[in-house]
There are 2 protein chains.
Amino acid sequence: MIAKTPEPPYYSVIFTTESKTAADAAAQQDYADTAMRMVELAMAQEGFLGIETVYDAQGNEIAVSYWRDEASIQQWRKQAEHKLAQQRGREDWYQRYSVRVAQVQRAYQWARGE
Amino acid sequence: MIAKTPEPPYYSVIFTTESKTAADAAAQQDYADTAMRMVELAMAQEGFLGIETVYDAQGNEIAVSYWRDEASIQQWRKQAEHKLAQQRGREDWYQRYSVRVAQVQRAYQWARGE
């Protein structure tokens, strides 16, 4: 689940959402399916480096995707199927969300036994 | 849960963890208590702007904290009780983690009905 990214600098998109579907299992499943499809699509996108995502039991989510440069982020933002998913998010899934674009300047990882 | 942050630029620390405590409810509770205490401590720290955090059912977590500048991040990293918690994390809680320091350059939010 932790993304293997190259040495900085590179870019991150920090996407934080509050769900409005907590009590609606069908909507949550629909959201999970769409989110998985978006990860597939993003992986095929030029400049994509990785993604980390965590959902809680209420359907709230933080997804951080990593990109080579700002141009890659712009292209992904405008990708047609992704735009439709964003629209559905605002209509059906989200109570509130935040998007932050940030340049990763330093990074380190730790793993048990390494 | 979405942090109210000022206009960019400011800094983010993207902390992503894989838990080793999935099957251990007591360890998970212990972790949750410590994490809550760390949020309290961070809030009292000079330069702290906000934090967003999501845990899943397996205890994996993404926590993104926001800071005025790099100096604030360095001070927080070295805060004594926080250092002890980091040590406990490596001993008792984490299988793997990643820390990325990133400068937030653009940000926008959306909220239903606004």
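A:V101 counts as buried, at 4% relative accessibility, where buried stands for under 20% relative accessible area, exposed for over 50%, and partly exposed for what lies in between (1.4 Å probe, protein chains only). The residue is found in strand β4 of chain A; helices (H or I, at least four residues) and strands (E, at least two) are DSSP runs, numbered from the N terminus. This is a predicted model, in which local features need pLDDT of at least 70 and side-chain atom pairs count only at pLDDT 80 or more, while totals for chains, interfaces and linings use all residues. Residues are numbered from 1 along each chain as its sequence is written, chains are lettered from A and ligands numbered from 1 in the order in which they are written, and side-chain values use heavy atoms, with hydrogens and water left out.

The surroundings of A:V101 involve both chains: leaving aside residues up to four places away in sequence, A:V101 touches A:Y11, A:S12, A:V13, A:E70 and A:I73 in chain A, together with B:Q103, B:V104, B:Q105 and B:R106 in chain B, contact being heavy atoms within 4.5 Å. The C-alpha atoms of A:V101 and A:F15 are separated by 8.9 Å, although these residues are 86 residues apart along the chain.

The contact between the chains takes in 51 residues of chain A and 51 residues of chain B. Chain A and chain B bury about 4200 Å² between them, 52% of it on carbon and sulfur atoms, where buried area is the accessible area (1.4 Å probe) that two parts lose on being put together, summed over both. Between chain A and chain B, 33 residue pairs are in polar contact, with both residues at pLDDT 80 or more; a polar contact is a pair of N or O atoms within 3.5 Å, and within protein one must be able to donate a hydrogen and the other to accept it, while residues adjacent in sequence count only if both atoms are side-chain atoms. On the side of chain A that touches chain B, at least two residues each are supplied by β1 (10–19), β2 (48–55), β3 (61–67), α2 (70–78), α3 (80–93) and β4 (94–111). The largest share of that side, 18 residues, comes from β4(A). By class, the side of chain A that touches chain B has 23 nonpolar, 13 polar and 15 charged residues, with Ala, Val, Leu, Ile, Met, Phe, Trp, Tyr, Cys and Pro counted as nonpolar, Asp, Glu, Lys and Arg as charged, and the others, Gly among them, as polar.

Side chains of opposite charge can pair when their charged atoms come close. Here a salt bridge is a side-chain nitrogen of Lys or Arg within 4 Å of a carboxyl oxygen of Asp or Glu, and the count comes to 20 salt bridges over all chains. Across the interface of chain A and chain B there are 6 salt bridges. One of the salt bridges links the side chains of B:R96 and A:E114 (4.0 Å, N to O), and a network of salt bridges links A:E18, A:R96 and B:E114.

Other salt bridges lie within a single chain. In helix α3 of chain A, A:D92 and A:R88 are 4 residues apart, about one turn of the helix, and their side chains meet in a salt bridge (3.1 Å, N to O). A:D92 is partly exposed, with a relative accessible area of 31%, and A:R88 is also partly exposed, at 32% relative accessibility.

In chain B, B:R37 and B:E40 both lie in helix α1 (residues 25–43), 3 residues apart, and meet in a salt bridge (3.1 Å, N to O). B:R37 is partly exposed at 33%. B:R37 also forms a salt bridge with B:E81, the closest N and O atoms being 2.8 Å apart. Because B:E81 lies in helix α3 (residues 80–93) of chain B and B:R37 in helix α1 of chain B, the pair ties together parts that are 44 residues apart in sequence.

A cis peptide bond joins A:P8 and A:P9, with omega about 5 degrees, and A:P9 is placed in the segment before β1 of chain A.
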